[in-house]
Amino acid sequence: MAVCLTAVFYAACGGNSDESYTANYSRAENGIAKSDAAGGSPAYQQSADAEAAYEEGGEEYDYNTEEYAQIVENGFISTADEPTSTFSIDVDTASYANVRRMIQDGYYENIPQAVRIEEMINYFNYDYPVPEDDSPFSVTTELSSCPWNPDNQLMLIGLQADKIDLSTRAPMNLVFLIDVSGSMYGEDRLGLVQKAINMLAENLNENDRVSIVTYAGYESVVLEGAAGNDTETIVNAINNLEASGSTAGEAGIKMAYQIAEKYFIQGGNNRVLLATDGDLNVGVSSAEELKTLVEKERDTGVHLSVLGFGYGNLKDEKLETLADNGNGNYAYIDSELEAKKVLVQEMGGTLYTVAKDVKLQLEFNPDTVQSYRLIGYENRVLANEDFNNDKVDAGEIGAGHSVTALYEIVPAESEADNLLKLAMRYKAPDGDQSLYKDFEILKSSSWFDQIQKNEAFAAAVTEFGMLLRNSQYAGTASYLQIQQLLSQSDMQDEYKMQFTELVDEAYQAGLLPESVSQENAPVPETIPPQEENRGILLKSLVE
């Protein structure tokens with residue numbers, strides 16, 4: 001049975017017209033097929049009789065125009081062929097909030113391509129130690145049997161950035177770049193943008209500077225260089241915004257950077273915060289063109305963070321490209337609670353960078369590791385030679401952020417203790433030359449009877465993500481196995497508790513298999529027997 005919905009919104013449909021459109025749409029209920037026992041991964045099928053939306057004039061309008069980058073999962077790599085793995089860290093969290101929205105709204109069509117597992121893992125905080133030396137972050141490692149493939153091992157690498165005292169923080173020069181085009185009309189779009197920025201405005205002080213630039217058919221400077229404690233002026237400027245017209249994003253981005261440079265605070269936090277659904281249709285608009293645009297601007301010392309809003313028209317690929325190449329982060333805001341999390345509770349991590357261009361390089365020992373697979377980070381993988389090239393951009397870590405990466409490892413039959421060498425490069429927030437550290441990761445003499453709490457929760461999120469994206473590497477991942485991992489995790493965090501509820505919702509919707517037997521689990525390639533489970537020891541070689 002089709003579920004018919006009627007909505008009124010203003011649609012930006014290209015060109016330079018400022019005309020607004022009223023559109024009605026109707027959406028058929030998605031047909032969801034539960035996974036079979038052998039596959040372990042659910043199948044998704046949108047009902048073929050879903051009705052297309054149409055504009056007021058009768059012209060057809062495709063309601064679901066969301067865009068996502070195609071991701072090809074990382075496969076197992078033989079250490080005999082290539083022992084070195086290099087990637088950029090990523091602290092974006094947009095994928096988890098976006099997927100959560102889809103599950104809660106009962107709209108499943110785009111879930112498989114919307115899943116970026118590293119962003120789902122990094123949405124949550126982990127119990128990693130704070131830095132003890134002059135480093136901007138600490139490093140933690142854990143090793144256990146791989147829950148969804150017990151013949152293999154699962155290795156966790158965790159980075160924890162130091163928190164900052166917000167009462168003594170450096171001043172901020174913030175330029176809010178707000179999309180007020182027709183596609184941003186609605187309480188869940190521009191209305192939510194206004195509420196989100198109002199929350200942040202309450203936490204600014206007299207040393208901060210705030211500017212507001214909007215763009216639709218053209219860019220406009222609404223507020224320029226206001227004192228952060230002039231909350232009434234900031235809130236009034238935000239609340240008076242209205243949405244209509246096309247989307248000249250290029251002009252808005254250029255203007256925002258100009259304003260940010262005009263009020264640049266030496267030693268402060270200079271940042272453009274872009275709030276949009278990403279539907280840029282005037283001027284530069286492709287992901288590659290946007291990458292080139294922000295690459296030129298980031299050398300000014302101004303960072304670009306992106307807040308995604310809305311559904312049905314979300315251009316996820318463009319937003320991720322902007323943030324990744326603008327030395328910022330990308331979050332998706334689907335509620336007032338998420339806005340509070342990103343802009344208030346985690347303001348330090350969202351707005352203050354403690355290390356930029358952070359790269360990790362792992363050199364596996366072929367004697368102890370037969371092959372390995374980096375889980376997620378597909379669009380963050382770097383060429384090995386890029387590790388030592390300071391001109392190659394990489395990810396940023398914000399104050400208080402934790403970053404987690406997982407590798408699935410096929411062990412080799414060896415009694416050797418050395419697993420791998422972990423090297424990292426990073427720059428100070430205002431630095432041009434990278435700093436270098438490396439560590440040797442050894443098998444520990446202590447044995448773990450069960451997976452540790454941090455790794456258990458990260459593994460649960462990973463299984464959830466693999467099932468939602470129909471991963472060929474999901475093995476025995478299932479609803480019951482996720483529940484078992486959660487029972488072994490530290491669940492004091494309210495967001496982790498919310499995750500358990502989301503897992504239940506996904507199961508009830510038929511998106512997760514209840515269980516998958518080992519013999520029926522898909523095996524993407526031959527997996528050799530695994531040696532016994534061990535913990536691992538991180539030994540610092542360079543301080």
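The stops below cover aromatic rings, then charges over rings, then a sheet and its helix. Bear in mind that this is a predicted model.

**Stop 1: a ring pair.** The whole structure holds 20 aromatic pairs. Select Y123 and F124 to start. Their ring centres are 5.1 Å apart and their planes meet at 75°, so this pair is edge-to-face. Are these two residues buried or exposed? Y123 is buried, at 3% relative accessibility. F124 is buried as well, at 2%.

**Stop 2: a pair across the sequence.** Now select F387 and Y436. Here the ring centres lie 6.4 Å apart; the cut-off for a pair is 6.5 Å. The planes are at 75°, so the pair is edge-to-face. Show the secondary structure. F387 sits in the loop between strand 17 (369–375) and strand 18 (395–398). Y436 belongs to strand 21 (residues 435–443). The pair therefore ties together parts that are 49 residues apart in sequence. Colour by accessibility next. F387 has 1% relative accessibility and counts as buried. Y436 has 33% and counts as partly exposed.

**Stop 3: the cluster.** Select Y96, Y123, F124, Y126, Y128, F457, F464, Y495 and F499. Together they form one aromatic cluster. The pair from the opening stop, Y123 and F124, belongs to this cluster.

**Stop 4: charges over rings.** Which ring does K341 lie over? K341 lies over the face of Y495, at 5.3 Å from the ring centre. Then look at K496. Its charged end sits over the ring of F457, 4.8 Å from the centre. Both rings, Y495 and F457, are cluster members.

Stop 5: Hide the side chains and switch to cartoon. Find the open sheet of six strands, ordered 12-11-10-13-14-15, with mixed pairing. Its edges are strand 12 (219–227) and strand 15 (330–332), each of which pairs on one side only. On average, neighbouring strands are turned by 15° against each other, direction ignored.

Zoom in on strand 12 and strand 11 (residues 209–215). They run antiparallel and are joined by six bridges. Pick T214: what is its bridge partner in strand 12? The partner is S220.

**Stop 6: the helix on the sheet.** Last, select helix 8 (residues 316–325). Helix 8 packs on the sheet and touches strand 13 (269–276), strand 14 (303–308) and strand 15. Its direction makes about 155° with that of strand 14.

Technical notes:
Residues are numbered from 1 along each chain as its sequence is written. This is a predicted model: local features need pLDDT of at least 70, side-chain atom pairs count only at pLDDT 80 or more; totals for chains, interfaces and linings use all residues. Side-chain values use heavy atoms; hydrogens and water are left out. Rings of Phe, Tyr and Trp (its six-membered ring) pair if their centres lie within 6.5 Å; planes under 30 degrees apart count as stacked, over 60 as edge-to-face and the rest as tilted. Buried means under 20% relative accessible area, exposed over 50%, partly exposed in between (1.4 Å probe, protein chains only). Helices (H or I, at least four residues) and strands (E, at least two) are DSSP runs, numbered from the N terminus. A charge sits over a ring if NZ of Lys or CZ of Arg is within 6 Å of the ring centre and within 35 degrees of the ring normal. Two strands pair if DSSP finds at least two bridges between them. Axes are lines fitted to C-alpha atoms, for helices over the stretch in contact, and angles run from 0 to 180 degrees between N-to-C directions. Contact means heavy atoms within 4.5 Å.
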